[in-house]
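Colleague: Could you take a close look at a single part of this model with me, and walk me through how it is packed and what leads into and out of it? I'd like one connected account that I can follow with the structure open.

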Amino acid sequence: MVLVLGLFLLLPILMALWVSLLHWDGQSNPFSGRADFVGLDNYRTLLTEDGLDRTLFATSLRNNAYYVLLTVPLQTGLALVLALIVNQRLLRARGALRTAFFFPSVTSSIAVSTVFLFLFQGSGAVNTLLSWVGVKGPNWFADPRGVLSLLLDAVGVVDPARPPGLLADHSFLGLSWFQWLSGPSVAMCTIILLAVWTTSGTFMLIFLAALQDIPRELEESAALEGVNRFQMLRHITLPALRPVLFLVLTLGLIATWQVFDQVYVMGQGNPGNTTLTPAFLSYSSAFDGSDFGQGAAIAFIMLGLILTLTAVQRWVMRERDPRPAGRNR
């Protein structure tokens, strides 16, 4: 197993790390003298130098950050609710419900993305349903406007055409503060809905397995003490699910920062780069722009970001031992 992991995992990672230090078009041997060694120039171009490359990378980070912030809590909460529902012993057709909830997770993501393209097009089923209640739906995959800026504009707080000077005059990584805070685009929100719908079933099964491992004696004792459902969920179920909750959040965090296939099928960064993600930008830089060094550099920046966020999440959700009582002197 160590040899297999070293050959197919560790060695390619080291090779990609070397490529990230090169200016390489993929047409020659990267370990020969034909590949130009540029050191950390690929990383400096993405993080410190003004230009299109840094702007695109910052845009992809902003889009993916909103994708993570919305997708991970929604899919985790929905998965937990579904697991609690199908774990009810008196519920009829539990097997059929589990199958129905899990079915989107085993369906091809490409096929589901294609179906969503038809559902959310301008004259699709979603807009037709909205028209029945008097709501005119947007052209979902062609709308680059940020949802948060639209809400602020609707209540008269901020005009997106003329943002306040504090937000417009300051920038980070080439994007103004207003661009960072404008929220996910309407097009990105449809991808978020797709991700929540297709991944909640998998996490539901993980939560369900953990729920079934909770001793029934705990629940029966709590019921005899007059504990209601909310108190049982807060003081018994959720503490017992802490390790599994950390697992689900970690898997969700890693998967959402690596989102690629839905973006590739549903927009490829359009409209206006509002669905661009670092994973797709890495692919586009390498295979479309023939700059494999920059593509690899993007991948390693994302690796560092994911490892850092996972460590922070582990620290936040760590078991906190009660402080020992002081000795009386």
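Modeller: Happy to. Let's take helix 15, which is roughly antiparallel to helix 16, with angles over 145 degrees counting as roughly antiparallel, under 35 as roughly parallel, 65 to 115 as roughly perpendicular and the rest as oblique. Helices here are DSSP runs of H or I with at least four residues, strands are runs of E with at least two, and both are numbered from the N terminus. Before we go further, please keep in mind that this is a predicted model, in which local features need pLDDT of at least 70 and side-chain atom pairs count only at pLDDT 80 or more, while totals for chains, interfaces and linings use all residues. Residues are numbered from 1 along each chain as its sequence is written, and side-chain values use heavy atoms, leaving out hydrogens and water.

How far can you trust this part? Confidence is given as pLDDT, the predictor's own score for each residue, from 0 to 100. Helix 15 (residues 278–288) is where confidence is highest in the protein, at a mean of 94, whereas helix 11 (residues 216–224) has the lowest, at 73. Across the protein the mean is 86, and 97% of the residues reach 70 or more.

Now to the packing itself. Axes are lines fitted to C-alpha atoms, for helices over the stretch in contact, and angles run from 0 to 180 degrees between N-to-C directions. On that basis, the axes of helix 15 and helix 16 are 7 Å apart, at an angle of about 160°. Their crossing is left-handed, a label used if the near helix is turned anticlockwise from the far one by less than a right angle, with right-handed for clockwise. From helix 15, the contact (heavy atoms within 4.5 Å) takes in Pro278, Leu281, Ser282, Ser285, Ala286 and Phe287, and from helix 16 it takes in Phe292, Gln294, Gly295, Ile298, Ala299 and Met302. By class, eight of the residues in this contact are nonpolar, four are polar and none are charged; Ala, Val, Leu, Ile, Met, Phe, Trp, Tyr, Cys and Pro count as nonpolar, Asp, Glu, Lys and Arg as charged, and the others, Gly among them, as polar.

Which residues of helix 15 are buried? They are Pro278, Phe280, Leu281, Ser282, Ser285 and Ala286, where buried means under 20% relative accessible area, exposed means over 50%, and partly exposed is in between (1.4 Å probe, protein chains only). Helix 16 (292–316) is one of the elements that cover these residues, and helix 3 (52–86) and helix 14 (261–266) are included too.

Next, follow the chain into helix 15. The loop between helix 14 and helix 15 holds Pro271, and the peptide bond from Asn270 to Pro271 is cis, with omega near 0°. Asn273 belongs to the loop between helix 14 and helix 15 as well. Its phi is near 65°, a positive value in a residue other than glycine. Asn273 is partly exposed, at 31% relative accessible area.

On the way out, what follows helix 15? That is Ser290, with a positive phi near 55°. Ser290 sits in the loop between helix 15 and helix 16, and with a relative accessible area of 36% it is partly exposed.

To put this part in its setting, the protein has 16 helices and four strands. The C-alpha trace spans about 75 × 60 × 50 Å along its principal axes, and 38% of the 329 residues count as buried. Among contacts between residues at least 6 apart in sequence, 69% join residues at least 24 apart.

The crossing of helix 4 and helix 10 is left-handed.
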